[in-house]
Each structure stands twice: as structure tokens, then as C-alpha cells.
Amino acid sequence: MYRRSPTVTEALRRIGALSGDLLSAGEQWSTQLAAFTEALSAATTGALTQIDAAEEARTAAVAAEQRATERIIAAGRRAAVAQDRAEAAIAASEKTAEKATEAQQRAEESERKAWRAAGEHETERAHAQQDATESAPRKASWTPNASRPRPQPTTTTGRSPH
């Protein structure tokens, strides 16, 4: 048989001791790697949960912003319609006020004309009364047919039928 030399035996013993240390270190490394993998998995799961929650919150914020924008646009439209209606009402009231002013001016002019006509009528009445008063003595002394000749009948040609 083959005989081993003392150096080979010593080397084999050392290799055996080192192998045990190496196996022990490998087992510790495997244990620590499993613990690290488990911690990494838990951290990843937590991070993914937080990412999902953040994305849901972002989606909800975008939806809320969109709803707010739509409400703002709708409110702007309603405000524009209300402003248009108010402007139309103001324009109509201004037009009505102008028409009322014109009607008032026409009424005042009509009233002035009526007062002027009433004044003229009163003046004419006074003149007629004065004329009647002045002609009353002449009328009392006047006799019919005495001072004027009788009219002669005429034809359409202007000649007397006699």
C-alpha cells in the first residue's frame, strides 16, 4: 500500500479543519442570506404597498383636480351666462329709460301745446266777447232789410233770369 508522508497528512488535516470552518462559514452565509432575502422581500412588499397607495392617492388627486376643473369651467360658463343676462337686462332697462324719457318729453310738449291752445282759445274767446260787447249797440239799432238791397236770383251762367 501506499504510505503517506507526514506533510501530506498534515496538509490533509489542515484541509479538513479548513473545510469545516469553510462549511460553517457557508452555513452562516446561507442563514444570513436567507434572513437578508426575507428582509428584502418584506421591505420590497412594504415599498410596493406604499407605491400602490401613492399611485392610488395620485389617481384620486388627478380625478379630484379634474372634477374641480370641470366645476370651475361650469361655474365660469354660468357666470358668463349670468353676466350676459345682466348686460341684456341693463341694456333693456337703459332702452326703456330712454323711451320713457322720450315719452315724457313728448308728453311735456303735448302739455305745452295744450296750454298754448288753451291760451289761444281764451284769447279768442276774450276777443269774441269784446267784439260782441262792442257790436251790441250797433246790433240793437240795426233793422233788417233797411240797409241792404235784396239779392237777385241768378243762374249758373251768372245772368239774371229776367
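**Terms and the values behind them**

Modeller: At 53% relative accessibility, Arg13 counts as exposed. The model is predicted, so local features need pLDDT of at least 70 and side-chain atom pairs count only at pLDDT 80 or more, while totals for chains, interfaces and linings use all residues. Residues are numbered from 1 along each chain as its sequence is written, and side-chain values use heavy atoms, with hydrogens and water left out.

Biologist: Why is Arg13 called exposed?

Modeller: Exposed means over 50% relative accessible area, buried means under 20%, and partly exposed lies in between (1.4 Å probe, protein chains only). Arg13 has 53%, and therefore counts as exposed.

Biologist: What makes Glu10 partly exposed?

Modeller: The relative accessibility of Glu10 is 33%, so the residue falls in the partly exposed class.

Biologist: Where do Glu10 and Arg13 lie?

Modeller: Both are in helix H1 (residues 6–141), 3 residues apart, about one turn of the helix. Helices (H or I, at least four residues) and strands (E, at least two) are DSSP runs, numbered from the N terminus. The protein chain has 1 helix and 0 strands.

Biologist: How do you know that Arg112 forms a salt bridge with Glu109?

Modeller: Their closest N and O atoms are 2.7 Å apart, so the pair meets the cut-off. Arg112 and Glu109 are likewise 3 residues apart in helix H1. Arg112, at 45%, is partly exposed, and Glu109, at 30%, is partly exposed too.

Biologist: Which residues are linked in a network of salt bridges?

Modeller: The network links Glu109, Arg112 and Arg116.

Biologist: What makes Glu122 and Arg125 a salt bridge?

Modeller: The closest N and O atoms of Glu122 and Arg125 are 2.5 Å apart, and the pair therefore qualifies. Glu122 has 39% relative accessibility and so counts as partly exposed; Arg125, with 41%, is also partly exposed.

Biologist: How many salt bridges are there by this rule?

Modeller: The count comes to 4.

Biologist: What share of the protein chain is buried?

Modeller: Buried residues make up 0% of the 162 residues.

Methods: Salt bridge = Lys/Arg side-chain N within 4 Å of Asp/Glu carboxyl O.
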